[in-house]
Amino acid sequence: MSISTIIRGDAERRQSRRAQKSRMKKVSRDEARERKRYRRMGFSNPANPSRSVLLTVLSALMAVYCLFPLVWLLINVTKTQGDFVTTFGLGFGSTFALFDNIARVFQYQDGIFFRWFVNTILYVVAGAGGATLLAILGGYGLSKFRFPGRKAVFAVVIGAISVPGIALAVPQFLLFAKLGLTNTPWSMIIPSLISPFGLYLMWIFSDQAVPDELLEAARMDGASEFRTFFTISLPLLAPGIVTTALFTIVATWNNYFLPLIMLKDSDWYPLTIGLNQWNKQASTAGGEAIQNLVVTGSLITIIPLILAFLLLQRYWQSGLAAGAVKE
Amino acid sequence: MKSLTKMIAGGLSAVMLFSAAACGGSSGEAADGSSGQKVTLNVWGWEPLLKDVADAFEKENPNITIKITNAGTATDQYTALNNAISAGSGAPDVAQVEYYATAQYALSDSLKDLSEFGAKDYSDFYTPGPWSSVNINDKIYGLPLDSGPMAMFYNKEIFDKAGVTSAPTTMEEYYEAAKKIHALGSDYYITADSGEPAPEELMIWAAGGTPFKVDGENLTINLTDDAGTQEFAKWWQKLVDEGLIDTKTKRWSDDWSRKLNEGNIASLTIGAWMASMLDDQAPDGSGKWRVANTPTFDTKATNGEDGGSTLAIMSSTDKAEAAWKFIDFAAHGKGVKIRVDKGQFPADKASLSDSSFLTKTDPYFGDQKYNEVLSKAADDVNTKWQFLPYDVYARSIFSDTAGQATLGKITFKEALKNWQDQLVEYGKQQGYKVNE
Amino acid sequence: MTEQHPENPRPRGEALTAEDTFVRKHRRNWRGWKFVGPFAVVFTFVFVVPICYALYISFFQKKMIGGEQYVGFDNYSRLFADEQFWSAVGRVTIFTCVQVPIMLALAALMALAIDSMKLHGTKFFRIATFLPYAVPAVVSTLMWGFIYGSKYGLVGSLNSVLGTAFDVLSPDTLLAAIGNIVTWEFVGYNMLIFYSSLSTIPHSLYEAAAIDGATEWQIVKKIKLPEMKGSLAITVIFSIIGSFQLFNEPSVLQSIVPGNAITTYFTPNMYAYNLSFMGGQSNYAAALAIVMAIITMAIAYIVQLNSMKEQMK
């Protein structure tokens with residue numbers, strides 16, 4: 001699985017995906033058969049061990065811990081405002097208002113929720129996309145080149161992110177204000193372009209996934225560094241890129257403090273700030289309590305991330321399965 | 001390393017260039033909209049009804065467009081406002097500011113003195129509490145939009161069950177009622193207070209306290225000896241010591257509204273605007289709740305204000321004429337009726353004495369003419385009360401200091417002293433002459 | 001290899017030293033900046049310039065009366081005598097010492113379990129553990145707030161069943177309650193980092209080990225744990241930085257816990273926020289930020305000195 005696959009034609013992509021799927025199915029069937037065979041023989045293959053019930057149960061405890069609050073969310077999106085404040089949190093309300101809630105979320109205040117949703121997508125595409133790109137280039141550069149100042153980069157990055165973000169917000173805001181960027185999408189996008197963790201991840205991945213010998217061979221053929229990067233390294237880095245993209249997307253999607261400082265116009269709000277504003281409305285004189293919409297909006301906010309994770313995970317997983325990494 | 005240094009140097013000089021340009025001057029759109037020139041006013045406010053007012057205003061003033069921005073509620077908006085002020089750009093023309101924050105912005109010259117527009121003539125138009133909050137050192141810094149004279153909202157069903165036949169009018173009666181209500185069960189309380197400025201600071205106001213005095217650069221902060229403050233401390237200490245107040249439930253939290261809904265919190269001393277919000281917080285309380293005046297600490301009827309805000313004009317604006325037209329319309333002209341009709345609690349005398357307002361009933365309050373009570377509450381507000389010129393900060397640290405008393409580890413007297421100490425220190429740091 | 005670079009003029013045919021191999025492989029020159037440059041430029045703009053500016057303003061004081069003036073190190077000396085600041089530092093230090101090891105241990109165990117391929121439904125567990133990371137802090141706090149409620153929440157239901165009066169949000173247990181939320185939010189994130197480092201181990205290595213008669217535990221100890229060391233370094237550094245900057249969870253929790261439970265100086269970041277945005281003391285807050293950065297860096301450096309060195313080889 002590589003970037004080139006994604007660029008290829010639609011029909012071809014679908015076909016290859018189907019082929020991939022049936023291949024995966026066959027592999028897992030074979031593996032299951034193999035496990036059975038090995039069990040009979042009393043032998044365990046460490047690359048394909050038999051399943052353990054005890055370990056599954058222990059992990060299930062962890063899964064319950066992780067999913068439990070989300071169950072609360074799923075139950076409460078089905079309640080009306082009245083039921084929300086009066087009925088037991090883990091029980092259903094007297095009416096099933098899920099669809100009504102969803103409709104109202106998108107209608108409330110002239111459908112501003114949809115606007116927030118679009119904004120968030122804009123910030124994610126431009127911000128997280130850009131952050132991933134910068135991290136790929138930077139991480140690759142740090143891994144594959146020895147240049148003056150290289151050692152300083154990591155120290156400076158770690159040092160800079162140790163400065164409490166809250167206190168940086170004021171100088172950051174003043175700087176952006178002087179450039180006339182506050183209250184515009186740029187004030188959200190530009191700071192999102194930096195993902196120190198993404199840089200680190202791409203550095204490590206480049207170390208592991210791109211053999212120096214391969215680059216050396218390409219150089220000997222007279223290819224330029226960028227050509228080498230795009231044709232040889234990038235496909236090898238695909239699994240790392242997807243992982244980095246995943247982290248930057250989540251970070252941008254859930255960013256709270258930055259937009260709180262930078263944006264005032266609710267037309268530019270991302271979902272997190274918009275939801276918080278709705279949540280606070282309950283305690284504002286003249287405001288209407290709409291916690292049911294806050295909860296429903298929260299669920300709608302999480303769903304795209306979960307979908308992105310599930311979809312990206314397939315690339316990520318097949319990338320690993322294809323053995324692109326160190327095998 | 002050379003290129004990096006160059007890069008940083010380049011970046012820095014670019015920033016400085018930009019900042020110089022930004023300071024150079026803003027585009028002049030000095031017009032009031034009457035000369036036929038189109039003007040757009042930026043208004044920051046969180047009150048939902050401002051939108052209706054703006055629509056009506058635009059119809060009458062086609063040359064003025066109102067752009068309302070909800071920059072966050074209360075302190076969130078102040079953060080944005082402070083940022084814009086310190087950045088020197090991005091501030092609105094008009095801002096909604098709560099009474100307690102008005103002094104802070106007024107004394108730092110961020111707000112325009114409205115005397116030049118004749119705002120002083122409005123002194124009889126508004127009720128005394130709101131007017132005293134915008135009238136600072138004989139200058140007018142905003143027009144009152146709404147108000148929140150405190151009143152006691154109580155759950156009559158629970159009061160009856162506990163054997164409290166009439167709403168307490170004095171603190172003595174309040175204390176007796178608290179005992180009876182707590183006797184209903186260990187999770188029944190007359191009210192909740194987890195060490196927050198509302199209600200505590202406001203109860204000091206209602207008790208007739210005047211702990212803060214502001215005279216230009218001279219401040220007096222006297223929480224330890226002020227009579228009203230100590231009166232509050234005495235009673236509240238007694239109620240907390242005997243476990244008669246729920247000290248664990250935060251205002252506006254989910255638990256809070258559920259406890260109101262089920263009657264575990266049997267009363268609230270809170271701003272009059274709660275009349276339009278209680279049904280959201282406690283839907284099951286319909287028909288059970290009533291309104292009474294805040295119990296007095298001595299026989300004299302005094303009251304405080306909880307919330308309420310003004311519309312103020314930022315001193316940085318170059319559209320002051322148009323801005324005045326708008327706030328005059330919203331807070332003095334037709335806008336008042338638009339908002340009051342939709343449930344906003346008024347800050348002007350005419351609306352408060354209007355018969356349709358006074359006779360309004362609501363099945364939620366058992367068809368009580370609750371506005372009669374609230375109107376009296378507005379008349380009783382102790383107008384000697386003054387806010388500190390840094391009241392936003394003062395309130396933010398209230399729970400750190402004074403609010404610690406409800407935890408029971410220190411007394412109210414000690415806790416208030418801690419608050420005073422920090423306020424005095426802060427005032428001195430900010431260059432004030434502070435007397436204790 | 002064709003030599004085209006003036007900074008690397010080595011006549012052919014000479015014996016290669018180790019240093020030469022290194023140079024040959026990595027071409028020590030400026031072209032690496034072509035790749036790192038874009039990141040560095042944006043980073044400079046978003047982080048370095050504001051930090052320099054923060055450093056600059058930390059030497060000034062702004063008063064409501066009297067305006068702005070240069071005060072030298074006054075803000076710093078005031079900070080060192082500020083009890084509230086040090087109590088905040090102490091609180092996050094305790095928090096870090098307890099929460100970070102628990103969270104990382106859970107994450108590592110989960111990563112090992114998933115990587116062992118011994119689970120029924122591996123995919124499900126990987127997603128389930130990671131999901132909380134996708135939930136915004138505002139929403140997570142809303143959910144946990146409900147669970148923690150001592151009257152109407154789940155804790156409340158447990159209390160009425162068990163006849164106890166346990167209150168998770170009381171001042172004594174509040175820090176643990178926050179630690180739980182943070183753990184919940186980030187355990188999957190760290191699990192994924194551990195997991196991705198584990199999945200870089202070639203399966204042939206396990207097969208070889210099994211043929212040599214290694215037990216499961218030996219494989220974990222000898223192959224898997226050493227492989228996780230690298231990612232442990234980075235998770236520790238990022239977790240320490242994260243804990244020292246604790247802000248979102250306690251500040252959102254403020255709206256549901258008793259008003260006096262979470263003070264404005266609960267964590268250094270909250271203190272900076274309140275000073276800056278409520279108190280108009282951006283200069284003092286800037287000094288606080290600089291000092292906190294130095295403390296954080298020092299701790300991260302001490303804890304992970306060796307592993308960082310390894311990465312810089």
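Q: How many salt bridges does the rule find across the interface of chain C and chain B?

A: Across that interface the rule finds one salt bridge. Bear in mind that this is a predicted model. The salt bridge joins the side chains of Lys248(B) and Asp167(C), with 3.9 Å from N to O. The cut-off is 4 Å.

Q: Which other polar links are there, and how many residue pairs are in polar contact between chain C and chain B?

A: Between chain C and chain B, 15 residue pairs are in polar contact, with both residues at pLDDT 80 or more.

Q: How should I read the size of an interface?

A: Interface size is often given as the accessible area lost when the parts come together. Here chain C and chain B bury about 3,400 Å² between them, and carbon and sulfur atoms give 57% of that. In chain C, the residues that lose the most area to chain B are Met64(C), Tyr152(C) and Asn260(C), which together make up 22% of what that side buries. The contact involves 34 residues from chain C and 47 residues from chain B.

Q: What area do domain 1 and domain 2 of chain B bury between them?

A: Let's start with the bounds: domain 1 of chain B covers 32-147 + 307-358, and domain 2 covers 150-304 + 397-435. Their C-alpha centres lie 29 Å apart. The two domains bury about 490 Å² between them, 59% of it on carbon and sulfur atoms. On the domain 1 side, Leu107(B), Asn137(B) and Phe345(B) supply 53% of the area buried against domain 2, more than any other three residues. Seven residues of domain 1 are in contact with five residues of domain 2.

Q: How many salt bridges link domain 1 of chain B and domain 2 of chain B?

A: The count is zero salt bridges, and there are also zero residue pairs in polar contact with both at pLDDT 80 or more. The side of domain 1 that touches domain 2 has two nonpolar, five polar and no charged residues.

Q: Why is helix 5 of chain C largely enclosed by the rest of the structure?

A: Helix 5 (residues 122-130) of chain C is largely enclosed because seven of its nine residues are buried. Among them are Phe125(C), Arg126(C) and Phe130(C).

Q: Is Ser239(C) buried or exposed?

A: Ser239(C) counts as buried because its relative accessibility is 8%, and the cut-off for buried is under 20%. Ser239(C) lies in helix 10 (residues 216-244) of chain C. Leaving aside neighbours within four places in sequence, Ser239(C) is in contact with Val100(C), Met103(C), Leu104(C) and Asn190(C).

Technical notes:
Residues are numbered from 1 along each chain as its sequence is written. Chains are lettered from A and ligands numbered from 1 in the order in which they are written. This is a predicted model: local features need pLDDT of at least 70, side-chain atom pairs count only at pLDDT 80 or more; totals for chains, interfaces and linings use all residues. Side-chain values use heavy atoms; hydrogens and water are left out. Domain bounds come from an automatic or database domain assignment. Contact means heavy atoms within 4.5 Å. Buried area is the accessible area (1.4 Å probe) that two parts lose on being put together, summed over both. A polar contact is a pair of N or O atoms within 3.5 Å; within protein, one must be able to donate a hydrogen and the other to accept it, and residues adjacent in sequence count only if both atoms are side-chain atoms. Ala, Val, Leu, Ile, Met, Phe, Trp, Tyr, Cys and Pro count as nonpolar, Asp, Glu, Lys and Arg as charged, and the others, Gly among them, as polar. Buried means under 20% relative accessible area, exposed over 50%, partly exposed in between (1.4 Å probe, protein chains only). Helices (H or I, at least four residues) and strands (E, at least two) are DSSP runs, numbered from the N terminus.
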